[in-house]
Amino acid sequence: MITNWPQLLRELRKERGFSQKKLAIIARMPQRTLCEYENVETPHQLSVQKIEKILDALGYELDVHLRRGNV
């Protein structure tokens, strides 16, 4: 199970060459939300639905078994 979502989201965004602002526009969410998700201290504060929305905007899918687990 992935335990460092903030780091993963930041790395995937940078791999795509997206700024937080650009990704926020594509994901249709506030840039502030992305910033918070990339810097959150405790993973349980992350919404699976928002993570899925961000990953979708980056061209990735949240694996089905992760959706069922405690992300």
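A residue counts as buried under 20% relative accessible area, as exposed over 50%, and as partly exposed in between. Keep that scale in mind as you look around this predicted model; it explains, for instance, why Glu36, with a relative accessible area of 42%, is called partly exposed. The protein chain has 5 helices and 0 strands, and its pattern along the sequence reads α-α-α-α-α.

**The chain as a whole**
- Of the 71 residues in the protein chain, 35% are buried.
- Looking at contacts with a separation of 6 or more, 59% are accounted for by residues 24 or more positions apart.
- Asn4 belongs to the segment before α1, and with 36% relative accessibility Asn4 counts as partly exposed.

**The nonpolar core**
- The largest nonpolar core holds 18 residues, and the members that touch the most others are Trp5, Leu23, Ile54 and Leu55.
- Two or more residues of this core come from each of α1 (5-15), α2 (20-27), α3 (31-39) and α4 (48-58).
- Which element gives the most to this core? That is α4, with 5 residues.

**How α2 meets α4**
- Two packed helices are described by the angle between their axes and the distance between the axes.
- For α2 and α4, the axes come within 9 Å and cross at roughly 105°.
- That angle falls in the range from 65 to 115 degrees, so α2 is roughly perpendicular to α4.
- On the α2 side, the residues that meet α4 are Leu23, Ile26 and Ala27; on the α4 side, their partners are Lys53, Ile54, Ala57 and Leu58.
- The residues of this contact divide into 6 nonpolar, no polar and 1 charged.

**Salt bridges**
- How many salt bridges does a search of the whole structure find? The search finds 2.
- One of them joins Arg13 to Glu38, with the closest N and O atoms 2.6 Å apart.
- Arg13 lies in helix α1 and Glu38 in helix α3, so this pair ties together parts that are 25 residues apart in sequence.
- Are these two partners buried or exposed? Arg13 counts as buried because its relative accessibility is 8%, and Glu38 counts as buried because its relative accessibility is 5%.
- Another salt bridge links Arg32 with Glu36, where the closest N and O atoms are 3.3 Å apart.
- Arg32 and Glu36 both sit in helix α3, and because they are 4 residues apart, about one helical turn separates them.
- Arg32 is exposed, with a relative accessible area of 65%, whereas Glu36 is partly exposed at 42%.

**A residue to look at in the α2–α3 loop**
- Arg28 sits in the loop between α2 and α3.
- Arg28 counts as exposed, because its relative accessibility is 71%.

Terms used
Residues are numbered from 1 along each chain as its sequence is written. This is a predicted model: local features need pLDDT of at least 70, side-chain atom pairs count only at pLDDT 80 or more; totals for chains, interfaces and linings use all residues. Side-chain values use heavy atoms; hydrogens and water are left out. A nonpolar core is a set of buried Ala, Val, Leu, Ile, Met, Phe, Trp, Tyr and Cys residues joined through side-chain atoms within 4.5 Å. Buried means under 20% relative accessible area, exposed over 50%, partly exposed in between (1.4 Å probe, protein chains only). Axes are lines fitted to C-alpha atoms, for helices over the stretch in contact, and angles run from 0 to 180 degrees between N-to-C directions. Angles under 35 degrees count as roughly parallel, over 145 as roughly antiparallel, 65 to 115 as roughly perpendicular and the rest as oblique. Contact means heavy atoms within 4.5 Å. Ala, Val, Leu, Ile, Met, Phe, Trp, Tyr, Cys and Pro count as nonpolar, Asp, Glu, Lys and Arg as charged, and the others, Gly among them, as polar. A salt bridge is a side-chain nitrogen of Lys or Arg within 4 Å of a carboxyl oxygen of Asp or Glu.
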